[in-house]
Amino acid sequence: MTKHPDLIILEQKPFNAAPPLNLLRQAFITPESGFFVRNHGSIPEVDLVNYRLSVTGNVQQSLNFSLDELRAAFPKRTITATLHCAGNRRDELMKVAPIPDEEAWGASAISNAVWGGVWLTEVLHKAGVEPDAQHVAFSGLDDVEKEGRKFHFGGSIPIAKALNSEVLLAYEMNGEPLTLMHGFPLRVVVPGYIGARSVKWLSKITLQSAPSDNYFQTQAYKLFPPDVQAETADWEQAPMLEELFVNAVICQPADKAILSTNLILVEGYAIAGGNRHIERVELSLDLGTTWVQVQLLEKPQPGTWQFWQHQLELQSDTTELIVRAWDSQGNTQPQNLEQVWNFKGYMNNAWHRVRINKSQ
Ligand code: MTE
């Protein structure tokens, strides 16, 4: 394994881990060693000699590729894209009310890489998309066990998203071949969507009239309002999660940090969903009454996170720093955790708060 020794391991089997926030914020392009890992099942053994990607369903012609054939058939494309797990920041929601049987992700179930591979749309065009192909379903090689059943991880995206020159079938991460941990030999990268749709160890692409019937599309990764509990959940009615919500997080100082100086540099990330970008990020030192705009460090663009920073002088009565972001369509973040709490613990984008203390 090539992972950084400081990674916080949430679970060994399946392996789930994320970097501490200060490590995460060190590099705009996250090195593979510090990239968070989210697995629902076993990491498969992949034999490249026998590996095949199939493209079937509502297509004029089914296709089948080895990795070399895929690389030879289509031009290499690259895209910088952030993967963001829908369970990011679940640990804060768990303090509002219990969320059993889910990982307690902090705010670092997110990372950014330069991915190399082929556009999904070019593969789909070669297969010939039939008019009734409304969804593109992906299936991985890993085995997941849920409710006494064993099956492959999977999910789908709408055809309109799949046909954009942004959804990648990636065989490279940061200029290196994809590692087994991140989906070798081939994974999907769906910028602006929840990480679950970026299926690793991709073996099958199916064009179909309905969304994937995989557990991770029909049960997990659905969003319920705060008053619904597991026992009362109507899985068919609840919306499937797709585009990320606008979000911002303070990476430094850490929560409950004891600061020895009044002049501090606040650093963090922000991200917008879909094809939106971050418009502005704001900090409040007075519990949300007034806000100051912080400095964005890169040119905002859809699909990738945004690093930001702000130098400030703490007032004697400052106990908490709060951040919120606005996206290019005027969406912003809800104030309180209670407003976004849901029994699966997804999509927490409430204002992010960091409590501070000053040393005497
Ligand atoms: N693909 C497969 N085959 N199996 C998985 O468990 N997890 C998904 C997605 N793709 C998963 C998968 C989830 S929930 C996330 S957030 C991302 O992969 C995480 O990608 P990473 O482990 O490369 O960070």
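Analyst: Start with S198: one of its polar backbone atoms is 3.0 Å from a nitrogen atom of the ligand. The protein covers 100% of the 530 Å² of accessible area that the ligand has on its own. (Areas come from the Shrake-Rupley method with a 1.4 Å probe; for residues, only the protein chains shown count as cover.)

This is a predicted model: local features need pLDDT of at least 70, side-chain atom pairs count only at pLDDT 80 or more, and totals for chains, interfaces and linings use all residues. Residues are numbered from 1 along each chain as its sequence is written, and side-chain values use heavy atoms, with hydrogens and water left out.

Now the shell. It holds 19 residues, and F36, D142, H182, R187 and K200 come nearest. (Near means that a heavy atom of the residue lies within 4 Å.) By class there are 10 nonpolar, 5 polar and 4 charged residues. (Ala, Val, Leu, Ile, Met, Phe, Trp, Tyr, Cys and Pro count as nonpolar, Asp, Glu, Lys and Arg as charged, and the others, Gly among them, as polar.)

The ligand takes up the space of the largest cavity. (On a 1 Å grid over the protein atoms alone, a cavity is a set of points where a 1.4 Å probe fits but cannot get out; a molecule sits in one if more than half of its atoms lie within 2 Å of its grid points.)

Next, the strands. (Strands are DSSP runs of E, at least two residues; helices are runs of H or I, at least four; both are numbered from the N terminus. Two strands pair if DSSP finds at least two bridges between them.) Strand β7 spans residues 135–146 and pairs antiparallel with β8, residues 149–158, over 9 bridges. D143 stands opposite H152 in β8. The hairpin of β7 and β8 has 2 residues between the strands, and E147 there takes a positive phi near 50°. β7 also runs antiparallel to β12 (residues 202–208), joined by 6 bridges. F138 has I205 of β12 as its bridge partner.

Last, the loops. F184 and P185 are joined by a cis peptide bond with omega near 5°. P185 is in the loop between β10 (176–177) and β11 (187–189). The bond from K13 to P14 is cis too, with omega about -5°. P14 is placed in the loop between β1 (8–11) and β2 (16–18). D101 has a positive phi near 65°, and is not a glycine. Its loop runs between α3 (90–96) and β6 (110–119).

Note on methods. Polar contact = N/O pair within 3.5 Å; in protein donor to acceptor, adjacent residues only side chain to side chain. 1 Å grid on protein atoms, 1.4 Å probe; cavity = no way out; pocket = protein on both sides within 12 Å on 5 of 7 lines; lining within 4 Å.
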